[in-house]
Amino acid sequence: MTTSPLLFSEERSAEVVAQAFAATPDPRLRELLTALVRHLHAFAKEVDLVQPELDAAIDFLTRTGQTCSAVRQEFVLLSDVLGMSMLVDALTHRADEGTESTVLGPFHMVDSPPRALGDDISGASEGEPTLVTGRVLTTDGRPVPGAVVDIWQADATGYYDVQVSESLDQGTLRGLFTCDDEGHFEFRTILPAAYPIPTDGPVGRLLTATGRHPYRPAHIHVIAEAAGCAPLTTHLFVAGSPYLDSDAVFGVKDSLVLDFPTVTDPGLAERHGLPVPFRHADVQIRLHAC
Ligand code: BEZ
Ligand code: FE
């Protein structure tokens with residue numbers, strides 16, 4: 001007696017489709033696709049999905065893809081506002097010690113220009129003069145000489161260079177710094193502002209349709225890398241910024257919120273080539289040795 005093939009039905013839909021993927025040679029790909037199908041089918045059944053809603057979802061994803069360009073990543077934005085980026089971050093760094101990680105975001109799209117320690121990354125953008133000093137250490141407190149610290153941030157009106165390409169040189173408010181023998185780094189900049197994530201695309205329309213605001217609290221992005229250490233993608237959030245308790249992409253962690261006190265000491269200002277007053281943040285970045 002021949003066994004009949006598994007035929008598609010409402011009851012057995014996930015099982016039938018999973019069976020079609022059963023011969024996937026890569027076991028991880030097979031696991032991912034089988035679980036994806038199981039959850040997608042369970043979702044459609046739970047909400048009793050109808051054809052116009054599936055059409056709308058396909059249209060939404062199509063427009064999301066069409067919005068992507070060399071300087072715009074709408075799918076990253078979608079992952080961010082759905083909390084997927086932060087969930088994968090949490091799953092990836094469950095047992096990590098050291099400085100906490102957070103979202104990469106969609107604006108790390110151009111290479112940061114290499115800079116000397118102490119350089120001013122603000123270019124032509126105006127704002128509150130700010131000094132960031134820091135040190136890269138391992139989780140057990142050893143300095144990491146030569147660690148590379150990649151910095152990028154929005155300006156005082158909340159825009160990245162790639163969003164205002166006509167008026168700002170690309171590379172403005174970005175810098176790639178190599179730490180000294182003691183793991184120290186330092187740069188001058190302007191205080192970034194809180195800003196809305198891009199709202200002129202499908203993700204923005206999703207936020208509007210659901211009554212969600214698009215704002216992120218003020219922050220400076222950091223990727224720290226060194227031989228023998230796990231790379232770290234994180235932010236320095238500015239204490240006191242609006243939206244620290246309602247980041248549109250769920251990226252805030254208490255340990256990443258830093259004070260940027262106002263400094264009025266003219267000697268310090270002169271030593272760092274800054275006017276008085278200026279804001280100063282000092283940060284320790286602790287990398288996991290591996
Ligand atoms: C950012 O901080 O650059 C960012 C992160 C997630 C979504 C949009 C922007
Ligand atoms: Fe940002």
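Analyst: Two strands pair if DSSP finds at least two bridges between them. Strands are DSSP runs of E with at least two residues, and helices are runs of H or I with at least four, numbered from the N terminus. This is a predicted model: local features need pLDDT of at least 70, side-chain atom pairs count only at pLDDT 80 or more, and totals for chains, interfaces and linings use all residues. Residues are numbered from 1 along each chain as its sequence is written, chains are lettered from A and ligands numbered from 1 in the order in which they are written, and side-chain values use heavy atoms, without hydrogens and water.

The open sheet has four strands. Their order is β5-β2-β12-β11, and the pairing is mixed. β5 (184-190) and β11 are the edge strands; each has a single partner strand, so one side of each lacks a neighbour in the sheet.

Start with β2 and β12. Strand β2 (residues 129-138) runs parallel to strand β12 (residues 278-287), and nine bridges join them. Within this pairing, R135 is bridged to Q284 of β12.

Now β11 (residues 262-263). It runs antiparallel to β12, through two bridges. T262 pairs with R279, and V263 pairs with F278.

UniProt lists residues 132-160 for "domain: Intradiol ring-cleavage dioxygenases", in an unreviewed entry. UniProt positions follow the numbering used here, feature names are shortened, and annotations may be inferred rather than shown by experiment. That span is 45% strand and 0% helix, and its end C-alpha atoms lie 19 Å apart.
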